[in-house]
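I opened the notebook today to write down what I looked up, one entry at a time. Please keep the sequence and the model in view while reading.

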Amino acid sequence: MEIEKIWEGIQTKDCDNVLKYDDLCSNVSYLKMYGKANYEQNKETFEKLKKIMNNEKPAIFSFGCGIGLDSVGAKEIFGNHVVYFPIDEYKWAICETKQYKDFEPKLPRKFIKYDESIWLLQMTQNVPVICFFHSLYSIKKEKDVKKDLLKVLKGKNKFYFVCNFTINNHYGPTLNERDYIDSLIEELSQTFTIKKFDIINNRGIIMHGSKCK
Ligand SMILES: C[S@@+](CC[C@H](N)C(=O)[O-])C[C@H]1O[C@@H](n2cnc3c(N)ncnc32)[C@H](O)[C@@H]1O
């Protein structure tokens, strides 16, 4: 995938290392720094998930998907018809550019807001795969993710939870995410048998929950 094509020809001045979703320069700066690496890491995680899931068909809920580059990895690993929901509260400026719209493979054009995605998660009949790729830190600052997940997952027999930790200081320290997930696991353990699979080099976690008999 030639990721550089997403920002080809876009004039940008130097901008801060702070991700501002509505600022094209800041979008490009983030993507140049992390786009390819995150895409590759997220794809590797899907590869690992596929082995764990055997032949189960996932419904991927990608919380904080950004411009949805992980959808490319999801299709490469699970096939073109994989169920994938691109969830993001903020539309990135780059998604309005011709470069983004013309990009091949196709990237998501419509994004789902957080609250709607919680409703969709409740409704899905497929095995939900709840993904936070470098996004849990940002989302939990605004939303009570733990409360929402505990409420929705009560109605499920099984689920997968996948998190690739936020990597760097500009976009949020990792430690917060680990503690948050540990406390989520503790609460989920009252209803589910939880199996944890660490992602290579301790960069994230895959968790499987199945309802206690
Ligand atoms: C650091 S970016 C990660 C982007 C991408 N997943 C990756 O792996 O590179 C964090 C994302 O979380 C999104 N976000 C922040 N608050 C959110 C919220 N309340 N609900 C959904 N997404 C949110 C941001 O818009 C941003 O796209």
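Between which two helices is the place of Pro 105? I found Pro 105 in the loop between helix 3 (98–102) and helix 4 (114–123), where helices (H or I, at least four residues) and strands (E, at least two) are DSSP runs numbered from the N terminus.

**Before reading further.** I noted that this is a predicted model, in which local features need pLDDT of at least 70 and side-chain atom pairs count only at pLDDT 80 or more, while totals for chains, interfaces and linings use all residues. I also noted that residues are numbered from 1 along each chain as its sequence is written.

**Backbone entries.** Asn 54, in the loop between helix 1 and strand 1, has a positive phi of about 55 degrees although it is not a glycine. His 134, in the loop between strand 3 and helix 5, also is not a glycine and has a positive phi of about 55 degrees.

Which of these counts as buried and which as exposed? I used the rule that a residue is buried if 20 or more other C-beta atoms, placed from the backbone, lie within 10 Å of its own, exposed if 12 or fewer, and partly exposed in between. Asn 54 counts as exposed because it has 6 C-beta neighbours inside 10 Å, whereas His 134 has 26 and therefore counts as buried.

**Helix 1 and helix 2.** I followed the axes of helix 1 (residues 24–53) and helix 2 (residues 70–78), which come within 9 Å and cross at roughly 35 degrees; axes are lines fitted to C-alpha atoms, for helices over the stretch in contact, and angles run from 0 to 180 degrees between N-to-C directions. Among the residues that make the contact are Tyr 39 and Phe 46 of helix 1 and Val 72 and Ile 77 of helix 2, contact being counted when C-beta atoms, placed from the backbone, lie within 7 Å.

**Ser 26.** I then went to Ser 26, which lies in helix 1 and counts as buried because it has 20 C-beta neighbours inside 10 Å. Leaving out residues up to four places away in sequence, Ser 26 touches Cys 15, Val 18, Leu 19 and Lys 20. Ser 26 and Trp 92 are 66 residues apart in sequence, and their C-alpha atoms are 9.7 Å apart in space.

**Glu 8.** In the segment before helix 1 I found Glu 8, which is exposed, with 10 other C-beta atoms within 10 Å. From Glu 8 to Gln 99 I read 91 residues in sequence and 7.1 Å in space, C-alpha to C-alpha.

In what order do the six strands of the open sheet stand? I wrote down 2-1-3-4-6-5, with mixed pairing, where two strands pair if DSSP finds at least two bridges between them. Strand 2 (83–87) and strand 5 (192–199) each have a single partner strand, so one side of each is left without a neighbour in the sheet. Strand 1 (residues 58–63) pairs with strand 2 in the parallel sense over five bridges, and Phe 61 stands opposite Phe 85 in strand 2.

Terms used:
Contact = placed C-beta atoms within 7 Å.
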